[in-house]
Amino acid sequence: MGLHYVQGQALFTHTHPIPRQYPYLTENLETDIIIIGGGVTGSILGYYFSKANIPAILIEKHRIGHGSTSITTSLLQYELDSNARELEKYMPLEKTLHAYHLGLKALSEIDAFIKEKGNTCHFEWKDTLLYTAKQTEVCEMEEEYTIRKKGGLEVDFLTTTNNPFSFDLKGGVYAHKGGAQLDPFLYTHHLLKVSCEQGLKVYENTQVRELHYLPDGVEVITSYGYTLKGKKVILATGYDTDSFTTRNLGVKTVTYNIATQPVSSFEGWHNKVLIRDNNDPYHYFRTTSDHRLLAGGEDIPFHTGIFDEKTAHEKYTILLAQLKTMFPHIPHIELDYAYCGAFASTPDNLGFIGEDPKHKSLWYCLGYGANGILFAILGGMMLSKLYQGEVSKDLELFKVNRFDG
Ligand SMILES: Cc1cc2nc3c(=O)[nH]c(=O)nc-3n(C[C@H](O)[C@H](O)[C@H](O)COP(=O)(O)OP(=O)(O)OC[C@H]3O[C@@H](n4cnc5c(N)ncnc54)[C@H](O)[C@@H]3O)c2cc1C
């Protein structure tokens, strides 16, 4: 991923040594599945394909986990970016509720991986809070609560009278075990370690320069001129997908994140839940296992190649001030890391998973929207089954051409 997609000193890649380096490709190879992109999405795909004993090769043009994966806040929540009622323009409430339940299913999958392979990435289940500080939006919030409750989700409604947080909250949906958090860099490396043991081949510092469609599959050419042949190629290239397709995939913004120095208490941050407000654009907050506070948001439109340091500085200052206002009882909230990057969202808040309508050997797994990592899990599960002939009906939700006129 070019520097114009990620800027600043990312917390997750900076606080750990690189667990493993992978070679670059120096030969021509053949396989069944070529995965382009060595972020968390590509690694999830690698895991599911290798688990199913399907030969696969993953190619990353830079270093593993140094794209968007290095800066994702990694709030893993079943809820989508917008409320269920707002999404009714694009899908009925039942579909949104189904998407929420798919999010829970993806969370359980990560949990199962951690239980089986060990918790090397600080995975933790979390309650989540979606809230408003505006009295005029309490009804909206209550409606979201009611929809989720009726849909079988374990939620409470918070108001000024039962607000356990130190910040101003007029209405909020509190979801029990509605999410989780992890370290995305360590998770990505753990997935690849396990996947390589299962037979996945991984090459980093190897850019895919050309993609050719063949009668029986696909061929990619790397920057050093080597050829990989496969039956399918899957784009796990995140927001850096324009060189492979002319499709208009989502609206890009720049989103800003800060991480504080470790704090000595979390007073006022009830249960260290994952928090999101309903501003437009919204803010999001989490804690880390080494006692930091993370804050994100303040999104602005994205322009390729333009990084405005002055604007970034202003955004980081706003995020830090917001943390201090929300948590006045937490002593010494000091900035430690500040970074930002491209983010893409879709009208219905769902990513793209499935085959290209024109080129059947081109598949997508793009976790656009705030639930990118959970969508990638669903993509890994569904695409590995699809390759074996099992078509999940949930692929309909993520169809690449669902917005075509
Ligand atoms: C600040 C921020 C906060 C976010 N917060 C959340 C969150 O809380 N929860 C969540 O689920 N999501 C969040 N997201 C979205 C999140 O980034 C994604 O869900 C996830 O990290 C995307 O991973 P990825 O593997 O798809 O993309 P990337 O990590 O960007 O990986 C794509 C890879 O493809 C490689 N690539 C591209 N072109 C080529 C090529 N030609 N050849 C070889 N390799 C290539 C790139 O180098 C890159 O490493 C956030 C995003 C940002 C920017």
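Contact here means heavy atoms within 4.5 Å. With that in hand, let's walk through this predicted model, starting with a pair of helices.

**Two crossing helices**

Helix H3 (residues 93-117) and helix H4 (residues 138-150) have axes that come within 10 Å and cross at roughly 75°. Angles of 65 to 115 degrees count as roughly perpendicular, and H3 and H4 are therefore roughly perpendicular to each other. On the H3 side, Leu93, Leu97 and Tyr100 take part, and they meet Glu144, Ile147 and Arg148 in H4. By class, the residues of this contact are 4 nonpolar, no polar and 2 charged.

**An open sheet**

Elsewhere you will find an open sheet of 4 strands, ordered S2-S12-S11-S10, and its pairing is mixed. Strands S2 and S10 form the edges, each pairing on one side only. S10 pairs with strand S11 in the antiparallel sense, over 6 bridges. Across from Glu219 in S11 stands His212.

Here are some of the elements met so far:

| Element | Residues |
|---|---|
| Helix H3 | 93-117 |
| Helix H4 | 138-150 |
| Strand S2 | 29-30 |
| Strand S10 | 208-214 |
| Strand S11 | 217-222 |

**A look at Leu386**

Leu386 sits in helix H7 (residues 372-387). Is Leu386 buried or exposed? Its relative accessible area is 18%, and buried means under 20%, so Leu386 is buried. Setting aside neighbours within four places in sequence, Leu386 is in contact with Trp363, Val391 and Leu395. Gly103 and Leu386 are 283 residues apart in sequence, and their C-alpha atoms are 19 Å apart in space.

Methods:
Residues are numbered from 1 along each chain as its sequence is written. This is a predicted model: local features need pLDDT of at least 70, side-chain atom pairs count only at pLDDT 80 or more; totals for chains, interfaces and linings use all residues. Side-chain values use heavy atoms; hydrogens and water are left out. Axes are lines fitted to C-alpha atoms, for helices over the stretch in contact, and angles run from 0 to 180 degrees between N-to-C directions. Angles under 35 degrees count as roughly parallel, over 145 as roughly antiparallel, 65 to 115 as roughly perpendicular and the rest as oblique. Ala, Val, Leu, Ile, Met, Phe, Trp, Tyr, Cys and Pro count as nonpolar, Asp, Glu, Lys and Arg as charged, and the others, Gly among them, as polar. Two strands pair if DSSP finds at least two bridges between them. Buried means under 20% relative accessible area, exposed over 50%, partly exposed in between (1.4 Å probe, protein chains only).
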